[in-house]
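I opened the model today to go through its sheets, its ligand site and its domains. My notes follow in the order in which I looked things up.

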Amino acid sequence: MPLRLKSMPLQIFLNASLEVAPGTPVSRVIAQLGLPIKEVTLIMVDGRRREADFQLQGNERLGLFPPIGGG
Amino acid sequence: MSRILRLNMADQSYRWQEVPPAYAGLGGRAFTSRLLRDEVDPTCHPLSEANKLVVAPGLLTGTPAANTGRISVGGKSPLTGGIKESNSGGLVSQKLARLGIKAIVVEGKPEEADGFYLVKISTDGVEFFPASEYEGIGNYRTMAQLWKRFGRGVGVMSIGPAGEKRLTAASINFTDPHGRPGRAAGRGGLGALMGSKKLKAIVVDDKGTAPSVPLADPEKFKAAARKWAKFIIEHPVTGQALPTFGTAVLINIVNEAGALPTKNFRSGRFEYAEDISGEHMVELIKARGGRTKEGCHPGCLIQCSQTYHDAKGKYLTSGFEYETIWALGANTLIKNLDEIAMIDRLCDDFGLDTIEMGCTLGVLMEGGAIPWGDGPAAIKMVKKVAKNDPWGLIIGNGSVFTGRALGVDRVPAVKGQGLPAYDPRAEKGMGLTYATSPMGGDHTAGYTVATNLVKCGGDGDPLKVLDNPDALQCIVDMINARYGLSLTTGDVGTLGRQVLHDEISFNQDAGFTKAHDRLPAFFKENLKPHNVTWDFTDAEIDQVLEDL
Ligand code: SF4
């Protein structure tokens with residue numbers, strides 16, 4: 001299943017597609033990418049905030065973010 | 001004891017006033033709004049002599065506590081016709097506090113034929129000077145000349161050509177530690193109010209004052225202030241994200257959330273968001289020899305500001321904020337960060353609110369006056385504000401005025417003030433803030449983005465500061481140790497409600513009704529990518545302020 005990935009933890013940009021099996025939790029993708037899970041404080045799937053155990057079905061847009069904020 | 005300084009511009013005189021007991025526990029916005037409620041007729045014309053410009057440091061300003069040096073500026077808003085508080089960083093606030101000045105109240109108005117004045121405040125007292133040599137000059141040169149004349153490092157608050165012309169999008173700009181006007185009390189056209197008083201600049205020199213204001217209980221203060229600094233440094237947002245990327249760190253995330261208003265609030269994602277992101281900005285700054293982090297005043301531990309150079313490595317602008325980059329970028333489809341930075345610089349120089357200008361440029365494009373995404377055309381337009389050009393007079397008066405001039409009905413504004421950088425359909429909490437804030441379309445009064453999008457400040461728990469239940473208590477401890485009080489966190493909540501009461505009742509007396517607490521009708525349209533609309537009923541919106 002293709003998965004569009006959009007992530008920028010630790011100041012790297014990654015716009016790539018990633019294959020995951022349906023039902024894969026976001027946390028596994030984070031681990032696969034070698035990102036420290038504690039640094040990923042914000043997960044967005046198709047622009048909605050989700051928790052790390054959210055299960056991907058494929059064809060989603062995934063955003064992983066370190067702590068951010070401003071105004 | 002600190003005092004209130006009253007400047008009477010009608011005859012260029014001043015007087016000192018002891019702080020009335022009812023005002024003793026008020027600082028910043030609480031002070032400015034209370035004074036306006038007590039002393040300004042809500043029905044007055046904002047540019048008339050009946051209006052007052054109030055400048056007040058915060059309750060903790062001038063102490064050694066971190067990040068306590070911002071300033072509140074208030075008045076009846078020339079833009080909205082309602083009450084206004086606009087907040088800025090810069091050097092002035094701490095210096096006023098060290099001089100023992102609780103607030104400055106600018107009153108009266110000279111004859112129209114009189115030129116502009118300049119007021120200098122120091123330990124030697126208060127002096128008025130004619131300011132004709134600075135008339136028509138932008139904030140950059142004005143501040144540079146004032147540093148030359150009164151010494152490097154003095155605090156300056158000044159207006160540019162926009163404020164002098166009393167245009168309702170005019171800001172008041174404040175010197176940063178480099179003497180630049182990169183910080184502004186931008187919103188609500190308070191620069192026009194200062195211009196109507198014929199006050200070009202206030203110079204504040206604190207030479208000869210003690211480094212800290214007096215503290216009732218120095219030991220307790222020190223302990224609380226140390227804790228406060230620790231909270232700031234250890235929280236990932238204030239300790240890492242803001243210093244690294246500035247507030248523009250939000251571009252990518254709000255875009256990802258589908259809430260970045262694009263093309264005059266037509267969609268929630270901007271195709272070129274990465275080009276204008278904080279991450280990209282930082283890359284450019286590093287490659288060109290700017291500075292990725294700096295404080296807008298001494299004692300800031302977060303340092304969200306920066307110095308942005310152009311492609312040739314020459315200084316272009318500073319204090320390049322998320323709201324600014326969104327307004328002048330995604331909202332207008334301008335995707336070249338250098339062009340956006342140039343408009344930001346022009347705004348700081350002419351004394352224009354960058355959010356209002358972004359909304360205005362969007363309306364200009366909507367009306368076909370310039371093409372979407374055309375940076376050079378937008379720059380040319382903004383430059384007209386400093387010239388004698390009718391276009392400059394139109395856009396300098398903001399988005400609603402420009403919409404009227406061009407017959408455009410798609411104007412993103414509430415109570416006459418252009419909306420900030422979050423689409424209310426995808427970030428509904430902000431929508432309720434826009435609708436109900438006594439300030440008009442404003443993002444500071446109920447900043448739900450932090451809780452809803454970023455999970456900062458608790459997951460919707462308003463009683464936590466920096467995700468830490470102890471942080472609010474820590475702020476209260478500092479206030480108590482500074483003034484010898486015994487306030488509780490509950491008292492602080494009560495104070496907040498009082499401030500809103502002052503502001504809402506002012507607006508009511510100025511003629512505002514519930515019908516003004518509404519978003520423009522076009523927000524009923526569908527917003528991509530989430531296919532959401534603004535679907536609160538009027539009754540639901542009115543509930544926000546019901547239990548106040
Ligand atoms: S530089 Fe940024 S974080 Fe520091 S005081 Fe100014 S606005 Fe606040």
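**Entry 1: the strand pairing at B:V156.** I looked up the bridge partner of B:V156 in β12(B) and found B:V203. This is a predicted model, so I read every position here as a prediction. Strand β9 (residues 155–158) of chain B and strand β12 (residues 199–204) of chain B run antiparallel, joined by 4 bridges.

I then checked β12(B) against β7(B). Here the two strands run parallel, with 5 bridges between them. One of the pairs I noted is B:I121 with B:V204 in β12(B).

How many residues of β12(B) are buried? I counted 6 of the 6, so the rest of the structure largely encloses this strand.

Entry 2

**Entry 3: the three-stranded sheet.** I moved on to another sheet in chain B. This one is open too, with 3 strands in the order β13-β14-β15 and antiparallel pairing. I marked β13 (291–294) and β15 (315–318) of chain B as the edge strands. Each pairs with a single strand, so one side of each is left without a neighbour in the sheet. The average twist is 25° from one strand to the next.

Strand β14 (residues 305–309) of chain B is joined to β15(B) by 3 bridges, and the two run antiparallel. B:T307 stands opposite B:S318 in β15(B).

Two helices came up when I looked at what packs here. Helix α9 (residues 278–288) of chain B packs on the sheet and touches β13 and β14 of chain B. Its direction makes about 60° with that of β14(B). Helix α11 (residues 337–350) of chain B also packs on the sheet, touching β14 and β15 of chain B. Its direction makes about 70° with that of β15(B).

**Entry 4: the ligand site.** I listed the residues around the ligand. They are B:N67, B:R70, B:R183, B:E294, B:G295, B:C296, B:H297, B:C300, B:I302, B:Q303, B:C304 and B:S305. I sorted this shell into 4 nonpolar, 5 polar and 3 charged residues.

Why does the ligand lie between two domains? Domain 1 (3–204) and domain 2 (242–418) of chain B both give residues to the shell, so the ligand lies between them.

**Entry 5: domains of chain B.** I noted the division into domain 1 (3–204), domain 2 (242–418) and domain 3 (428–546). The C-alpha centres of domain 1 and domain 3 of chain B lie 26 Å apart. For the contact between these two, I found 23 residues of domain 1 touching 21 residues of domain 3.

I then looked at helix α16 (residues 428–436) of chain B. The helix is mostly covered, with 8 of its 9 residues buried. Among the buried residues in α16(B) are B:G429, B:M430, B:L432 and B:Y434.

**Entry 6: B:G398.** I looked up this glycine in helix α15 (residues 398–406) of chain B. Is B:G398 buried or exposed? Its relative accessible area is 0%, so I logged B:G398 as buried. Leaving out residues up to four places away in sequence, B:G398 touches B:A169, B:E356 and B:T360. I also checked B:A170, 228 residues from B:G398 along the chain. Their C-alpha atoms are separated by 8.8 Å.

**Entry 7: chain A.** I counted 1 helix and 7 strands. From the N terminus on, they run β-β-β-α-β-β-β-β. Of the 71 residues in chain A, 44% are buried. I also looked at contacts between residues at least 6 apart in sequence: 57% of them join residues at least 24 apart.

How values were computed. Residues are numbered from 1 along each chain as its sequence is written. Chains are lettered from A and ligands numbered from 1 in the order in which they are written. This is a predicted model: local features need pLDDT of at least 70, side-chain atom pairs count only at pLDDT 80 or more; totals for chains, interfaces and linings use all residues. Side-chain values use heavy atoms; hydrogens and water are left out. Buried means under 20% relative accessible area, exposed over 50%, partly exposed in between (1.4 Å probe, protein chains only). Contact means heavy atoms within 4.5 Å. Two strands pair if DSSP finds at least two bridges between them. A residue is near a molecule or strand if one of its heavy atoms lies within 4 Å of it. Ala, Val, Leu, Ile, Met, Phe, Trp, Tyr, Cys and Pro count as nonpolar, Asp, Glu, Lys and Arg as charged, and the others, Gly among them, as polar. Domain bounds come from an automatic or database domain assignment. Axes are lines fitted to C-alpha atoms, for helices over the stretch in contact, and angles run from 0 to 180 degrees between N-to-C directions.
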